[in-house]
Amino acid sequence: MATKRDTVLFVSLPQAIGGSNRSLVTLLEHLEGSVYRVLASPRPGTFADFADDRGVADEWFNLAHRGRFNRVRRLWDGVR
């Protein structure tokens with residue numbers, strides 16, 4: 001019988017693999033099995049590939065690039 005896990009949404013706007021995104025991947029790796037991990041980030045991209053290769057998300061939400069003010073727009077799209 002499957003147990004119900006809490007769902008946690010993680011949002012990453014930068015596409016590069018910097019210290020914050022590496023830390024996020026490490027956290028997501030350690031949370032495997034304890035929560036349902038939903039990762040919202042722009043795809044495709046360097047960070048998305050890095051995270052996907054490690055299988056750190058149970059579900060992905062693509063924050064697409066569109067128009068002016070890309071970061072604000074992607075965040076708004078994710079909230080909606």
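In this predicted model, the crossing of helices H1 and H2 is right-handed. Their contact is formed by Asn 21, Arg 22, Leu 24, Val 25 and Glu 29 on the H1 side, and by Phe 47, Phe 50, Ala 51 and Arg 54 on the H2 side. Sorted by class, this contact holds 5 nonpolar, 1 polar and 3 charged residues.

**Chain overview**

- The protein chain contains 3 helices and 3 strands, and along the sequence they follow the pattern β-α-β-α-β-α.
- Of the 80 residues in the protein chain, 31% are buried.
- When contacts between residues at least 6 apart in sequence are considered, 48% of them join residues at least 24 apart.

**The H1 and H2 pair**

- Two packed helices are described by the angle between their axes and the distance between the axes.
- H1 spans residues 19–30 and H2 spans residues 46–54; their axes come within 11 Å and cross at roughly 20°.
- Angles under 35 degrees count as roughly parallel, and H1 and H2 are therefore roughly parallel to each other.

**The buried side of H2**

- Phe 47, Ala 48, Phe 50 and Ala 51 are the buried residues of H2.
- Viewed down the axis of H2, these buried residues fall within an arc of 160°, so they line one face of the helix.
- The packing partners of the buried H2 residues are H1, strand E2 (36–41) and strand E3 (59–62).

**Backbone geometry**

- Most residues other than glycine have a negative phi, and most peptide bonds are trans.
- Gly 55 follows H2 and has a positive phi, near 60°.
- The peptide bond that joins Arg 43 and Pro 44 is cis, with omega about -5°.
- Pro 44 sits in the loop between E2 and H2.

**Arg 5, before strand E1**

- Arg 5 belongs to the segment before strand E1 (7–11).
- Its relative accessibility is 30%, so Arg 5 counts as partly exposed.
- Not counting residues up to four places away in sequence, Arg 5 touches Gly 33, Ser 34, Val 35, Tyr 36 and Asp 58.
- For Arg 5 and Val 35, the separation is 30 residues in sequence and 5.2 Å in space, C-alpha to C-alpha.

**Leu 31, between H1 and E2**

- Leu 31 is placed in the loop between H1 and E2.
- Because its relative accessibility is 21%, Leu 31 counts as partly exposed; the cut-off for buried is under 20%.
- Apart from neighbours within four places in sequence, Leu 31 is in contact with Phe 10 and Arg 37.
- Leu 31 and Ala 57 are separated by 26 residues in sequence and by 9.8 Å in space, C-alpha to C-alpha.

**Ala 40, in strand E2**

- Ala 40 is part of strand E2.
- With 3% relative accessibility, Ala 40 counts as buried.
- Setting aside neighbours within four places in sequence, Ala 40 is in contact with Leu 9, Phe 10, Val 11, Ser 12, Phe 61 and Leu 63.
- One of these partners, Leu 9, is 31 residues from Ala 40 in sequence and 7.2 Å from Ala 40 in space, C-alpha to C-alpha.

Conventions:
Residues are numbered from 1 along each chain as its sequence is written. This is a predicted model: local features need pLDDT of at least 70, side-chain atom pairs count only at pLDDT 80 or more; totals for chains, interfaces and linings use all residues. Side-chain values use heavy atoms; hydrogens and water are left out. Axes are lines fitted to C-alpha atoms, for helices over the stretch in contact, and angles run from 0 to 180 degrees between N-to-C directions. Helices (H or I, at least four residues) and strands (E, at least two) are DSSP runs, numbered from the N terminus. Angles under 35 degrees count as roughly parallel, over 145 as roughly antiparallel, 65 to 115 as roughly perpendicular and the rest as oblique. A crossing is left-handed if the near helix is turned anticlockwise from the far one by less than a right angle, and right-handed if clockwise. Contact means heavy atoms within 4.5 Å. Ala, Val, Leu, Ile, Met, Phe, Trp, Tyr, Cys and Pro count as nonpolar, Asp, Glu, Lys and Arg as charged, and the others, Gly among them, as polar. Buried means under 20% relative accessible area, exposed over 50%, partly exposed in between (1.4 Å probe, protein chains only). The arc is that of the directions from the helix axis to the C-beta atoms.
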